[in-house]
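Colleague: I would like to learn how to read a two-chain model feature by feature, with the general idea set out before each case. Could you take me through one?

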Amino acid sequence: MKKTLILIAVMNLFACSPNDGSGVRPAEETMEKIFGKMEDSGKYPVLDRTDTLAGIDENKNGIRDDIDLYISKQGFAPEQEKAIRQEAAVMQRSVTIDVKDKKALAKLQTDSGISMACLSYTKFGENGSVRGSSLALDIESLTANTKKRLKNYLAYNHTLDGSVWSSTNYKGNPCVK
Amino acid sequence: MARYGRQLTIRVILVLNRLTLVAFTFFISINTAVAAEAECNFKGIHLGFFNGVGNTPKQAFDSLEATYSDMSLRGVDISDKQFYYNETKYHGTEDIVEVFNQRLNEEFPPLSDRMELFFQTLRNGKQSQSLSAASRKYLEFATSFRKYMTKVHVNTLSRLIGIPTENIYKNHQKQLDVAIKNKQKLLLVAHSQGNLFVNKAYAYAKPKAGSAIGVLHVAPASVKLNGPYILADYDLVIDALRAFGPVPAYTDTIGTPPRSWSSDLSGHGYLDIYLNPKSSTYEHFNKEVTSIFNDFDAKCAGSGIQGKNVLNIAPLKSKYPPLGFSLNCSTDIPCKSTTIKMALGFYTKELASALLPHVQKVEADCAEKSHWRMVSGEWNKATGNFDISCGGTDPDNALQWINFSSISVPFTIDNRM
């Protein structure tokens with residue numbers, strides 16, 4: 001019995017040691033491989049990384065195709081998906097906007113307030129347990145996904161410094177019909 | 001006869017005295033009501049949120065929504081919510097993007113243009129969490145970058161203190177004016193650098209809003225405070241600011257938050273730390289919000305002026321039910337004390353409506369008997385009820401004061417706006 005216990009202990013010792021016997025942890029897979037696997041399995045979205053601000057939007061619905069696909073895979077109910085798409089379209093405009101165009105800036109800020117209000121209005125999760133506005137942050141990071149897009153988006157945010165936003169200015173259902 | 005004449009004179013004097021007293025009290029009450037109206041006649045609560053360091057507008061919006069949801073769950077009726085955005089000016093926003101991009105390139109050359117990881121890493125978003133679980137190297141990278149950003153935030157905040165940002169203040173002031181014009185009470189919540197802006201907002205709005213303004217400072221980056229504050233001992237950003245100048249002492253001991261409930265390494269996050277239900281700061285936050293609302297109510301409760309601050313009288317079967325009345329609190333007596341003064345109302349529907357516009361219910365009109373119909377009452381400290389009587393001169397004997405009806409009613413004042 002005693003010998004058996006010692007044997008198990010020794011086997012465990014080997015099991016916990018690096019398999020090359022060098023005392024060094026096994027090399028981690030490259031990030032490229034990790035990303036590849038995650039993208040293949042759908043754990044990480046395959047994003048458009050073309051060199052333009054707009055990227056590819058073949059169906060011309062105002063949302064980049066990769067973001068469109070990502071949204072459709074999230075398992076949202078139709079009303080929820082509609083609200084997320086409204087926000088995604090606003091985010092797409094936010095990364096592509098010409099920050100010198102004051103008229104466009106004003107319109108975008110208004111629409112951004114409406115889309116955020118729509119997210120707040122729409123119930124997500126069990127009994128509305130998920131704050132809709134928190135879902136915008138996911139879309140925000142995935143849309144501003146290249147240096148060019150991120151910088152333009154931050155430049156747009158800069159124009160909003162000092163602005164005041166509300167989600168109660170929109171009476172009733174603020175979501176686009 | 002002479003004896004009867006003397007008695008009549010005495011009765012006349014007594015009645016006149018009583019009427020004079022009643023009239024005097026009434027006009028005093030009207031004056032008090034007008035003063036109280038200025039102080040208490042509000043139409044809801046304006047919740048203003050002043051965001052912290054490093055927030056995008058969407059993050060600030062989300063923080064406002066979280067604050068609103070929390071207050072709504074606790075029965076606070078917010079009629080209007082806004083966030084007052086202030087952008088964090090690093091040494092140039094682009095610099096942070098470049099720093100992140102360079103680090104990503106050094107650590108993971110093939111990933112250098114995966115800039116979705118910028119926000120994901122900063123906020124420990126869904127994709128960042130997946131990567132951290134799959135790669136220790138990425139986890140170390142993300143941890144290191146968040147620590148770096150904590151230092152950047154400290155540096156940014158230390159530069160902000162004392163630097164005026166007039167155009168931002170002016171934009172904020174415009175919105176505050178709208179809320180004040182709409183007769184809303186102002187509840188202003190600020191996080192981190194937002195405290196520097198909320199102090200300016202408070203200084204601007206206070207003279208106009210009077211007592212109808214309350215500020216709650218969360219993780220204040222300023223030693224100047226205009227209301228209660230919450231500061232966690234683990235808030236490394238504010239703690240590091242001590243090297244640059246005084247900051248308030250911490251109010252909550254949370255220690256190092258376990259990874260199970262927060263991955264916020266800075267201990268400074270508004271949602272990750274301060275509004276996290278697993279942190280003691282969460283209960284503290286709600287306690288302070290309640291306290292601010294109680295302060296609002298204490299100043300106005302019993303005024304009978306606010307829509308819901310109405311004494312509800314049970315339906316009366318009496319022919320002459322008590323009608324118009326309003327409740328007034330004097331400025332030197334706290335409204336929740338044992339002294340609440342009962343004002344008087346003329347006993348006709350028209351007069352009550354015209355002179356006491358705050359009377360919510362005028363259920364009957366018994367003016368056909370006499371125009372000297374009045375309601376008086378006082379709060380009975382022993383029973384907690386209002387003893388109300390409807391009285392006036394006897395229709396058949398103008399010199400006789402009679403109580404037509406009286407009732408003792410339990411009352412509740414709905415302090416919520």
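Colleague: Which conventions should I keep in mind before I look at anything?

Modeller: This is a predicted model, in which local features need pLDDT of at least 70 and side-chain atom pairs count only at pLDDT 80 or more, whereas totals for chains, interfaces and linings use all residues. Residues are numbered from 1 along each chain as its sequence is written, while chains are lettered from A and ligands numbered from 1 in the order in which they are written.

Colleague: How many helices and strands does each chain have, and how are they assigned?

Modeller: Helices (H or I, at least four residues) and strands (E, at least two) are DSSP runs, numbered from the N terminus. On that basis chain B has twelve helices and eleven strands, and chain A has seven helices and one strand, with its elements running α-α-α-α-α-α-α-β from the N terminus on.

Colleague: How is burial judged, and what share of each chain is buried?

Modeller: A residue is buried if 20 or more other C-beta atoms lie within 10 Å of its own, exposed if 12 or fewer, and partly exposed in between, with C-beta atoms placed from the backbone. Of the 417 residues in chain B, 44% are buried, and of the 177 residues of chain A, 34% count as buried.

Colleague: How many residues does each chain give to the contact, and which element of chain B gives the largest share?

Modeller: Two residues are in contact if their C-beta atoms, placed from the backbone, lie within 7 Å. By that criterion the contact takes 45 residues from chain B and 38 residues from chain A. On the side of chain B that touches chain A, the elements giving two or more residues include α2 (57–73), β2 (78–84) and α7 (166–181) of chain B, and α2(B) provides the largest share, eight residues. The residues on that side divide into 16 nonpolar, 16 polar and 13 charged, where Ala, Val, Leu, Ile, Met, Phe, Trp, Tyr, Cys and Pro count as nonpolar, Asp, Glu, Lys and Arg as charged, and the others, Gly among them, as polar.

Colleague: At what angle do α6 of chain A and α2(B) pack, and how should I read that angle?

Modeller: Axes are lines fitted to C-alpha atoms, for helices over the stretch in contact, and angles run from 0 to 180 degrees between N-to-C directions. Helix α6 (residues 132–143) of chain A packs with α2(B) at an angle of about 165 degrees, their axes being 8 Å apart. That makes α6(A) roughly antiparallel to α2(B), since angles under 35 degrees count as roughly parallel, over 145 as roughly antiparallel, 65 to 115 as roughly perpendicular and the rest as oblique. From α6(A), the residues A:S133, A:S134, A:A136, A:L137 and A:E140 meet B:K58, B:Q59, B:F61, B:D62 and B:E65 in α2(B). By class, this helix contact has three nonpolar, three polar and four charged residues.

Colleague: Which strands form the open sheet, and in what order?

Modeller: Two strands pair if DSSP finds at least two bridges between them. The open sheet has six strands in the order β1(A)-β2(B)-β1(B)-β3(B)-β4(B)-β5(B), with mixed pairing. Its edge strands, each pairing on one side only, are β1 of chain A and β5 (229–230) of chain B. Strand β1 (residues 164–166) of chain A pairs with β2(B) in the antiparallel sense over three bridges, and A:V164 stands opposite B:Y84. By contrast, β1 (residues 45–50) of chain B runs parallel to β2(B), joined by six bridges, with B:L47 opposite B:K81.

Colleague: Are the faces of β1(B) buried or exposed?

Modeller: Both faces are covered, with B:I45, B:L47 and B:F49 buried on one side and B:H46, B:G48 and B:F50 buried on the other. Helix α8 (residues 194–209) of chain B lies across β1, β2, β3 (185–191) and β4 (213–218) of chain B, running at about 165 degrees to β3(B).

Colleague: Where is B:I168, and which residues does it contact?

Modeller: B:I168 is placed in helix α7 of chain B, and it is partly exposed, with 19 other C-beta atoms within 10 Å. Leaving aside neighbours within four places in sequence, B:I168 is in contact with A:D161, A:G162, B:N86 and B:F197. B:I168 and B:E87 are 81 residues apart in sequence, yet 9.5 Å apart in space, C-alpha to C-alpha.
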